[in-house]
Amino acid sequence: MRRKLVVGNWKMHGSIAENKALLDGIVAGVREYLNADYVVCAPYPYLNQTQSLLQGTNVAWGAQNLCSTTDGALTGAVSPAMLVDYGCTHVIIGHSERRNLFHETDDTAAARFNAAINAGLIPIFCMGESAEERESDWTDYIVGRQLDSIIRRFGPHVLKNAVLAYEPLWAVGSDTPATPEQAEEVHTFIRKRVARCDPEIAAGVRILYGGSVTPANAPKLFAMPDIDGGLIGRASLKIDDFVAICRAAN
Ligand code: PGA
């Protein structure tokens, strides 16, 4: 039985004062929800603050990206070991905003995924199609290609220490979430594709849905057999909304 997982992706939001109120609220809100797992992915400058407010609670924390190189003359980059230093357990890899706005490719996302695994971090590997790709019936092709970019390189066994996330681009940051049935169809496709390589790994890997998850739609999404939780953007910035989504997972 896979435990549900809810991950908050703050993106480029927050301030020391706002984060304190938000994290205190989340900690108090989910304290008794012991049947699922919760993670907050904060911007780099706030990892220290996040660590000090979340350590000893049932909420873990992580980052939203990392550099695939261990160290060196790389101005502006943050290494996997630095995230480990701040107690991160998770890191988001290949988010569509990174792919589209920062020119990340299947190759660079795969390198970051591998760097996370090598550092003992759990990568949350994002995949998803655009609206045009869905209209052209390319969803399976796009998501399959993104999934293969890690499985072909590193083998299915790496998914033992990873989380997958289906994030259709048309649902991220919009007000058009995938329906539970639409999301489930792609989650099943992903799980079957992993199962072709290793049925046991496929049965165990958690596949999150992301894209306009709210307290209203989370219960139905999380009730689908192949949806193991959510990657939450906007609703992760509001205490009540995030706690309600965690409650749905619990
Ligand atoms: P959203 O973002 O929940 O605001 O749609 C989801 C994500 O980008 O992970």
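1. Glu-129 and Arg-134 are joined by a salt bridge, with 2.8 Å between the closest N and O atoms. The two partners fall into separate accessibility classes: Glu-129 is buried, at 0% relative accessibility, whereas Arg-134 is partly exposed, at 24%. The cut-off matters for this reading, because buried means under 20% relative accessible area. The model is a predicted one, and the distances and accessibilities in this note are to be read accordingly.

2. A salt bridge also links Arg-99 to Asp-106, where the closest N and O atoms are 3.0 Å apart. Arg-99 counts as buried because its relative accessibility is 13%. Asp-106 is likewise buried, since its relative accessible area is 16%.

3. A further pairing of this kind brings together the side chains of Asp-228 and Arg-191, at an N to O distance of 2.7 Å. The structure contains 17 salt bridges, among them the pair Asp-228 and Arg-191.

4. From the side chain of Glu-167, a polar atom lies 2.7 Å from a ligand oxygen atom. The side chain of Arg-234 likewise places an N or O atom 2.7 Å from an oxygen atom of the ligand. For Ser-212 the backbone is involved: one of its polar backbone atoms is 2.8 Å from an oxygen atom of the ligand. Taken alone, the ligand would expose 280 Å², and the protein buries 99% of that area.

5. Where does the ligand sit in terms of the pockets? The space that the ligand takes is the second largest pocket.

Notes:
Residues numbered from 1 in each chain as written. Predicted model: local features only at pLDDT ≥ 70, side-chain atom pairs only at ≥ 80, totals over all residues. Heavy atoms only, no water. Polar contact = N/O pair within 3.5 Å; in protein donor to acceptor, adjacent residues only side chain to side chain. Areas by Shrake-Rupley, 256 points an atom, 1.4 Å probe, with all protein chains shown as cover. 1 Å grid on protein atoms, 1.4 Å probe; cavity = no way out; pocket = protein on both sides within 12 Å on 5 of 7 lines; lining within 4 Å. Sits in = over half its atoms within 2 Å of the grid points. Salt bridge = Lys/Arg side-chain N within 4 Å of Asp/Glu carboxyl O. Buried < 20%, exposed > 50% of the residue type's maximum accessible area, 1.4 Å probe, protein only.
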